Amino acid sequence: TGGLENELNTDEFIGLKMLWGIFFPVLIAILNFSLTLGYPWIVFVFAVPFGWMIPDMHANKQKKVRYNSIVIDLPFFLDLLALSTQAGSDFMSALQKMSDSAESSLLAQEFDKVIRDTRLGSTREQALKSMSKRLDIPEVSSFVNVLTDADATGASIGDVLKEQSEQM
């Protein structure tokens with residue numbers, strides 16, 4: 001639902017689509033009658049699928065805004081994570097500090113969810129992969145894959161993060 005999961009669940013979204021599929025043609029019919037616009041009946045037929053698509057168009061716009069925000073913030077966050085881990089912080093505490101200092105960022109909110117998931121018992125790898133799946137952004141997926149590979153091979157997280165931030 002393009003970042004609207006905090007506002008609507010799937011059933012509500014489908015209900016909204018049905019509502020707009022009915023409401024939009026009815027609105028046009030009322031305007032047609034009251035303003036004597038003289039629209040032919042075929043306009044109302046085509047208004048149904050257009051009304052059905054209005055929530056999708058809004059969700060796609062929100063998804064694009066969310067994507068841009070995260071892609072813009074990611075290199076900066078990677079730099080901060082790399083600096084913090086190279087300065088001696090472990091990855092999770094560096095992530096916590098960063099997400100606390102940038103609360104308004106969508107990426108920081110996603111990192112908060114990663115921290116919360118790890119506190120609730122998920123491994124760091126599971127929490128990061130869940131974030132990658134939630135966001136469905138190639139840059140984030142690449143970042144998560146590099147981190148999980150670094151964990152698996154025992155490579156330095158700080159060095160890996162620095163290299164990743166330079167690439168971005």
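**Reading exposure, helices and overall shape**

Biologist: Does T36 count as buried or exposed, and why?

Modeller: T36 counts as exposed because its relative accessibility is 68%. The cut-offs are under 20% relative accessible area for buried, over 50% for exposed and partly exposed in between, with a 1.4 Å probe and protein chains only. This is a predicted model, where local features need pLDDT of at least 70, side-chain atom pairs count only at pLDDT 80 or more, and totals for chains, interfaces and linings use all residues. Residues are numbered from 1 along each chain as its sequence is written, and side-chain values use heavy atoms, leaving out hydrogens and water.

Biologist: Where does T36 lie?

Modeller: Helices here are DSSP runs of H or I with at least four residues, and strands are E runs of at least two, numbered from the N terminus. T36 sits in the loop between helix 1 (10–34) and helix 2 (41–86). Its phi is near 45°, positive although the residue is not glycine.

Biologist: What is the phi of D136, and where does D136 lie?

Modeller: D136 has phi near 55°, again a positive value in a residue other than glycine. The loop between helix 5 (124–135) and helix 6 (138–153) holds D136, which is exposed because its relative accessible area is 57%. By contrast, E163 in helix 7 counts as partly exposed because its relative accessibility is 49%.

Biologist: How many helices and strands does the protein have?

Modeller: Seven helices and zero strands. Buried residues make up 35% of the 168 residues.

Biologist: What radius of gyration does the protein have?

Modeller: Taken over C-alpha atoms, with a globule rule of 2.2 Å times the number of residues to the power 0.38, the protein has 22 Å, whereas a compact globule of 168 residues would have a value near 15 Å. Along the principal axes, its C-alpha atoms fill a box of roughly 75 × 30 × 25 Å.
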